[in-house]
Amino acid sequence: MSHRPVRPAPRSRLIRRWATATVSAVTALALGFPGTSVAADGPTPPGAATASAPEAFLRGTLQPDASPPGANDWKCRPTAAHPRPVVLLHATLTNAHMNWSMLSPLLKEAGYCVFAPNYGGRPGVPFKATRHIPDSAREIARYVDRVLDATGARQVDLVGHSQGGGVLPRWYLRFEGGTNPAKPSHNKVRRLIGLAPSNHGATLSGLGTLTTELGLNPTVSLVAGQAYADQMVGSEVNTTLDRGGDTQPGVDYTVIATRYDEAVTPYRNQFLKAGPRAKVRNITLQDICPQDLSEHISIAYDSNALQIVLNALDPAHARSVHCRLSAPLIGG
């Protein structure tokens, strides 16, 4: 492997952004937040207002096993208009409430049955999705089966962010029973929509390349979890998964990437190539909304990106994206 110098600018910018996020969260906590209480793994009131990202982060920290607004109503029954429940899969080092407190109530209001598991971490721990990705994929397999049993639906649609939109659901689809290549009509999943998905590995703007080349990924994973090493470019998980192609028969894939992604880099690593009997749509957010500055984290709270998600879930009733000016969640 050739050694490319790691430029200091991306690293320093990433550190500044995380520092800004921390200051913003502490400030928001000091000011306090309005809102309704959220029960762990239970339904929240339909029509609950969407939360801001700092509010969702803090509530998810204080109530790490809570459901996001609108999610996990196990009595929900799909309608003819929306026959497939939507399962939301959060990113690494987050949880369902942190990640989905904007999208979940939007989907509920639109008439979907919405489910959002906390996976890959112990109960009571805020920062989840850190376990070995094949182990988390088995956890998601059990969860999807539970959703299908409870709702009576034949299939679900998956929407995920970062790990939850990329390597994790792809592993589930291929190796843990999410699809049936011999009979795609028997697939448990119809659509996979990924926001900034870690489909082909990440470099973290060069930081991941550095830890990989120095052999430090096992050490970093002692702190960040095995999912860190699993998502680096060239990992065994990525190599195993990519060996069989990007897609599974009978599944429609949508990738929504941002040019300003600082985690899953280069951002084109997120894109997929369609294999037999699969459909892929690769979207760069700025090709639709050129002034959108959303990066890896804030894309999950970007109204432009979320309208694209809604369109991908229901393309027959897609609406134009009325681009709103959007800024990075954690600084520039």
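This is a predicted model: local features need pLDDT of at least 70, side-chain atom pairs count only at pLDDT 80 or more; totals for chains, interfaces and linings use all residues.

**Partners of β1**

- On the β3 side, β1 is joined to its parallel neighbour by 4 bridges.
- Val86 sits opposite Asp157 of β3, and Leu88 sits opposite Val159 of β3.
- On the β2 side, 2 bridges link β1 to β2, and these strands also run parallel.
- Here Val86 has Val114 of β2 opposite.

**The sheet as a whole**

- The 6 strands form an open sheet in the order β2-β1-β3-β4-β5-β6, with parallel pairing.
- Because β2 and β6 (279-284) lie at the edges with a single partner strand each, one side of each has no neighbour in the sheet.
- Helix α6 packs on the sheet, where it touches β1, β3, β4 (189-195) and β5 (252-257). The direction of α6 makes about 160° with that of β4.
- Helix α12 (residues 303-313) also packs on the sheet, touching β1, β3, β4, β5 and β6. Its direction makes about 170° with that of β4.

**Strand β4**

- Of the 7 residues of β4, 6 are buried, so the strand is largely enclosed by the rest of the structure.
- β4 pairs with β3 in the parallel sense over 6 bridges, and Gly160 has Gly194 in β4 as its bridge partner.
- β4 is joined to β5 by 5 bridges, again in parallel, with Arg191 bridged to Asp252 in β5.
- Together, β3, α6 and β4 make a right-handed β-α-β unit.

**Helix α5**

- Helix α5 (residues 133-151) has 19 residues and spans 27 Å from first C-alpha to last, close to the 27 Å expected at 1.5 Å a residue.
- Its buried residues include Ile133, Ser136, Ala137, Ile140, Ala141, Tyr143, Val144, Val147, Leu148 and Thr151.
- As background for reading that list, an α-helix has 3.6 residues a turn, so residues three or four places apart point the same way.
- What do the buried residues of α5 pack against? They pack against strands β1 (86-89), β2 (114-115) and β3 (156-161), and against helices α6 (167-175), α9 (226-230) and α10 (236-242).
- Just after α5, Gly152 adopts a positive phi of about 75°.

Notes:
Residues are numbered from 1 along each chain as its sequence is written. Side-chain values use heavy atoms; hydrogens and water are left out. The expected span of a helix is 1.5 Å times one less than its number of residues. Buried means under 20% relative accessible area, exposed over 50%, partly exposed in between (1.4 Å probe, protein chains only). Contact means heavy atoms within 4.5 Å. Two strands pair if DSSP finds at least two bridges between them. Axes are lines fitted to C-alpha atoms, for helices over the stretch in contact, and angles run from 0 to 180 degrees between N-to-C directions. A crossover is right-handed if, with the strands pointing away from the viewer, the path from the first strand over the helix to the second runs clockwise.
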